[in-house]
Amino acid sequence: MLVGHTHFLGGYMSDTTAAQRSDQQLVEAYMGGDPRAFAAIVQRHKTRLTYIARRYSRNENDVEDILQEALFKASRSMHTYRADSTLSTWLHRPVMNTGFDHVRAADKRSRDVSLDDGECNADANPALAHDPMTHLDRTILVRQALATLPAAQREALLLIDVMGLSIDSAAGEMGVQPGTVKSRRARARAALAQATELAGERLALPRRQQ
């Protein structure tokens, strides 16, 4: 805990002090037993994490469910955080994983309902003539490919292609030059495309306007 470097209320840092701390200092304070530090982390990064959660949600209730579960997981695994990537990028993973699980559960419920409706010929109904697992399989493939990327490349890709940051904003987030971010992102996109193509599916990553 950052005793001696922050002001505390009842043994914990004040909200004002927490807002002035770096992410790394907040992590250290939380690991030292200060629950307000994690609350400050959530407050600082909630806007971006909410944006990620919405990509897996149909309504705001789903967003809240995904965020609550993901942040609970993050609070339990904070000891695994290492400063080789920014905290915001590290927090994206539990949100994305929880969102993926949410989509998978929704797909399963949808399939169960379809089966309960009785047998039908998919060719007789164009609305049913698709494999509901296709998108899920693709998501699994992309997640597996992402996991193989070096941390710096994965972070550049997530910041720009998932979070929607500009090259300059991502560079500021990562503490490197814009040219470095462009290079890392390009290598990440090429690696993802190659991995998915080798698996039998071409991943078309859209070009983002800079």
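**Helices of the predicted model**

Of the 210 residues in the chain, 37% are buried. The structure is a predicted model. The chain holds 9 helices and 2 strands, and along the sequence these elements follow the order β-β-α-α-α-α-α-α-α-α-α.

Helix α3 covers residues 35–54, a run of 20 residues. From the first C-alpha to the last, α3 reaches 26 Å, which is close to the 28 Å expected at 1.5 Å a residue. The helix is bent at K46, where the angle is about 60 degrees. At the start of α3, the backbone nitrogen of R36 has a side-chain oxygen of D34 within 3.0 Å.

The buried residues of α3 begin with A37, F38, A40, I41 and V42, and continue with H45, L49, T50, I52 and A53. An α-helix has 3.6 residues a turn, so residues three or four places apart point the same way. Among the buried residues of α3 are F38, I41, H45, L49 and I52.

A second part of the model concerns the packing of two later helices. Two packed helices are described by the angle between their axes and the distance between the axes. Helix α7 comprises residues 151–162 and helix α8 residues 167–174. These two helices pack at an angle of about 135 degrees, and their axes lie 9 Å apart. Because angles over 145 degrees count as roughly antiparallel and those from 65 to 115 as roughly perpendicular, α7 is oblique to α8. The crossing in which α7 passes α8 is right-handed.

Notes:
Residues numbered from 1 in each chain as written. Predicted model: local features only at pLDDT ≥ 70, side-chain atom pairs only at ≥ 80, totals over all residues. Heavy atoms only, no water. Helix = DSSP H or I, 4+ residues; strand = E, 2+ residues; numbered from the N terminus. Expected span 1.5 Å × (residues − 1). Bend = angle between axes of the 7 residues up to and from the residue. Buried < 20%, exposed > 50% of the residue type's maximum accessible area, 1.4 Å probe, protein only. Polar contact = N/O pair within 3.5 Å; in protein donor to acceptor, adjacent residues only side chain to side chain. Axes fitted to C-alpha atoms, helices over the stretch in contact; angles between N-to-C directions. Parallel < 35°, antiparallel > 145°, perpendicular 65-115°, else oblique. Left-handed = near helix turned anticlockwise from the far one by under 90°.
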